[in-house]
Amino acid sequence: MNDFTIIRKNLFRKKMRAILLIFSIMIAFLIFGVLGAFYSAWTAGTSSAADNRLVTVNRINFTVSMPFAYWGRVQGVEGVTGVSHASWFGGYYQEPANFVQTFAVDPESWLGVYSELTMPDEQRAAFFNTRDCLLVGNDLAAQYGWSLGERIPLLSNIWQKQDGSASWDFEICGLFDAEDETIPTNYAMFHYDYYNEALAFNRDNIGWMVLTTADASQNDRIMREIDALFANSPAETETSTEAAFNEAFAAQFGNIALILLFVVGAAFMTILMIVGTTMVMAINERTKEIGVMKTLGFPAPRIFRMVLIESILLSLVGGLLGLGLAALAVTGSAEAMAAFLPGFSMPSLVLGLGLALAIALGFITGIIPAINAQRVTIVTALGKL
């Protein structure tokens with residue numbers, strides 16, 4: 001009988017206990033996999049940010065607007081290759097619950113700065129030339145069943161027209177996608193001029209500026225020069241890299257990373273105590289058997305190895321089942337989550353890290369029982385017969 005057969009038989013000698021342990025480990029890794037996929041999608045904006053792209057906002061807060069004239073002044077900074085601007089519109093479709101993430105932008109400069117956004121040439125031209133055009137991301141269009149050429153109203157709880165209406169009418173003249181699936185396409189854009197001319201208040205203001213630089217090594221200098229342009233003005237600015245801006249924006253919703261760490265950490269600590277205690281008990285139950293094995297010539301290092309492999313194998317079975325279920329759950333819900341969390345998928349990094357954690361968990365929970373088994377003496381073990 002080879003070692004693996006002995007390990008397998010020992011592992012499932014008490015089937016109900018083994019099944020419950022595997023189930024517990026599976027749940028922990030199911031939680032780890034799903035939350036890992038969520039965190040990966042949540043932070044995708046930071047990881048996919050361009051190194052040479054900067055964002056300028058009002059120093060008070062990115063929700064406070066800046067004068068439109070700032071746009072022209074930033075274009076003259078040495079090393080800046082492109083500048084665009086955007087204003088938050090928000091809005092909803094038909095019912096307040098149907099939230100639509102919408103921005104008023106300068107079409108040509110915006111698509112120049114965000115060159116990774118793709119669409120057919122005729123739709124790009126339509127966006128540039130149609131004043132009431134709404135350029136819609138594919139994920140958003142899928143969410144509401146919108147199609148090219150359809151006219152829709154978007155209503156706003158913030159922005160009203162000069163005629164007192166809060167309904168803004170648009171024609172969907174373009175649908176955009178992205179070169180990378182992690183880049184969100186769950187929002188829409190329309191002409192700033194169309195928006196600004198109809199506004200009842202806050203006209204000739206913009207929300208933020210996005211600019212590209214000739215070389216990322218010039219970013220620090222350019223950020224300082226831009227902010228110096230508007231120092232001591234009524235609307236001072238703060239310029240940062242796109243990655244830093246996205247990270248700060250995500251932080252408005254709380255420290256997601258810390259929350260996930262607590263949830264996953266609590267699950268793993270619980271499983272660690274359960275599996276570790278159970279393994280110690282299982283080895284204590286087999287003290288006499290270990291004594292018999294040593295009598296038959298099994299060396300202590302071999303017994304140590306067999307017990308440790310048993311623990312790692314137990315953890316791997318539960319871990320792989322949990323990660324597999326997590327992958328199925330994430331894949332099955334990816335389409336439904338696309339409009340809210342684009343790029344929601346199971347990254348290979350999460351699977352790899354999960355596999356490493358499963359091995360580590362098995363090692364940690366098995367090392368003490370393996371040492372105890374190795375130290376069992378024949379006299380002590382057989383004395384319990």
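Trainee: How many disulfides does the structure hold?

Mentor: Bear in mind that this is a predicted model, in which cysteine sulfur atoms within 2.5 Å of each other are taken as a disulfide. On that basis, the number of disulfides that the structure holds is one.

Trainee: Which residue does the disulfide join to C133?

Mentor: A disulfide is a covalent bond between the sulfur atoms of two cysteines. Here the S to S distance is 1.7 Å, and the residue joined to C133 is C173.

Trainee: How many residues apart in sequence are the parts that this pair ties together?

Mentor: C133 belongs to strand β6, which covers residues 133-137, whereas C173 belongs to strand β8, which covers residues 167-178. Because the two cysteines sit in these strands, the pair ties together parts whose separation in sequence is 40 residues.

Trainee: Is the disulfide of C133 and C173 left-handed or right-handed?

Mentor: The handedness follows from the torsion about the S-S bond, which is about -85 degrees for C133 and C173. With that torsion, the disulfide is therefore left-handed.

Trainee: Turning to the protein as a whole, what percentage of its 385 residues count as buried?

Mentor: The protein has 15 helices and twelve strands, and its accessible surface comes to about 18800 Å², of which 61% belongs to carbon and sulfur atoms. Among contacts between residues at least 6 apart in sequence, 79% join residues at least 24 apart. Of the 385 residues, the share that counts as buried is 44%.

Trainee: What volume does the largest cavity have?

Mentor: Rolling a probe the size of a water molecule over the atoms shows where empty space is left. A search of the whole structure for cavities of 30 Å³ or more finds two. For the largest cavity, the volume is about 110 Å³.

Trainee: Which of the residues that line the largest cavity are the closest to its centre?

Mentor: The helices α1 (3-11), α2 (15-42), α11 (256-285) and α13 (300-337) each supply at least two residues of this lining. By class, the lining divides into six nonpolar, two polar and five charged residues. Of the 13 residues that line the largest cavity, the closest to its centre are L11, R17, L21, A282 and E310.

Trainee: Which helix gives the largest share of the lining of the second largest cavity?

Mentor: The second largest cavity has a volume of about 90 Å³, and the residues that line it include I6, N10, R286, M293 and E310. Its lining has seven nonpolar, one polar and three charged residues. At least two lining residues come from each of α1, α12 (287-295) and α13, while the largest share, four residues, comes from α13.

Trainee: How many charged residues does the lining of the second largest pocket have?

Mentor: This pocket has a volume of about 490 Å³, and of the 21 residues that line it, the closest to its centre are F32, G36, V264, L353 and L357. Each of α2, α11 and α14 (348-375) supplies at least two residues of the lining. By class there are 18 nonpolar and three polar residues, and the number of charged residues is none.

Trainee: What is the distance between the C-alpha atoms of P96 and L155?

Mentor: P96 is found in the loop between β3 (80-88) and β4 (102-105), and P96 counts as exposed at 55% relative accessibility. P96 and L155 are 59 residues apart along the chain, and their C-alpha atoms are separated by 8.4 Å.

Trainee: What value does phi of Q94 take?

Mentor: Q94 also has its place in the loop between β3 and β4, and at 52% relative accessibility it counts as exposed. Although Q94 is a residue other than glycine, its phi is positive, near 70 degrees.

Trainee: Leaving aside its neighbours within four places in sequence, with which residues is N196 in contact?

Mentor: N196 is found in helix α8, residues 192-198, and counts as buried at 7% relative accessibility. Once neighbours within four places in sequence are left aside, the residues in contact with N196 are R203, D204 and N205.

Definitions and conventions: Residues are numbered from 1 along each chain as its sequence is written. This is a predicted model: local features need pLDDT of at least 70, side-chain atom pairs count only at pLDDT 80 or more; totals for chains, interfaces and linings use all residues. Side-chain values use heavy atoms; hydrogens and water are left out. On a 1 Å grid over the protein atoms alone, a cavity is a set of points where a 1.4 Å probe fits but cannot get out, and a pocket is an open set with protein on both sides within 12 Å along at least five of seven lines; lining residues have an atom within 4 Å of a point. Grid points are joined across faces, edges and corners, and a volume is the space filled by probe spheres set on the points. Ala, Val, Leu, Ile, Met, Phe, Trp, Tyr, Cys and Pro count as nonpolar, Asp, Glu, Lys and Arg as charged, and the others, Gly among them, as polar. Buried means under 20% relative accessible area, exposed over 50%, partly exposed in between (1.4 Å probe, protein chains only). Contact means heavy atoms within 4.5 Å. Accessible areas come from the Shrake-Rupley method with a 1.4 Å probe; for residues, only the protein chains shown count as cover.
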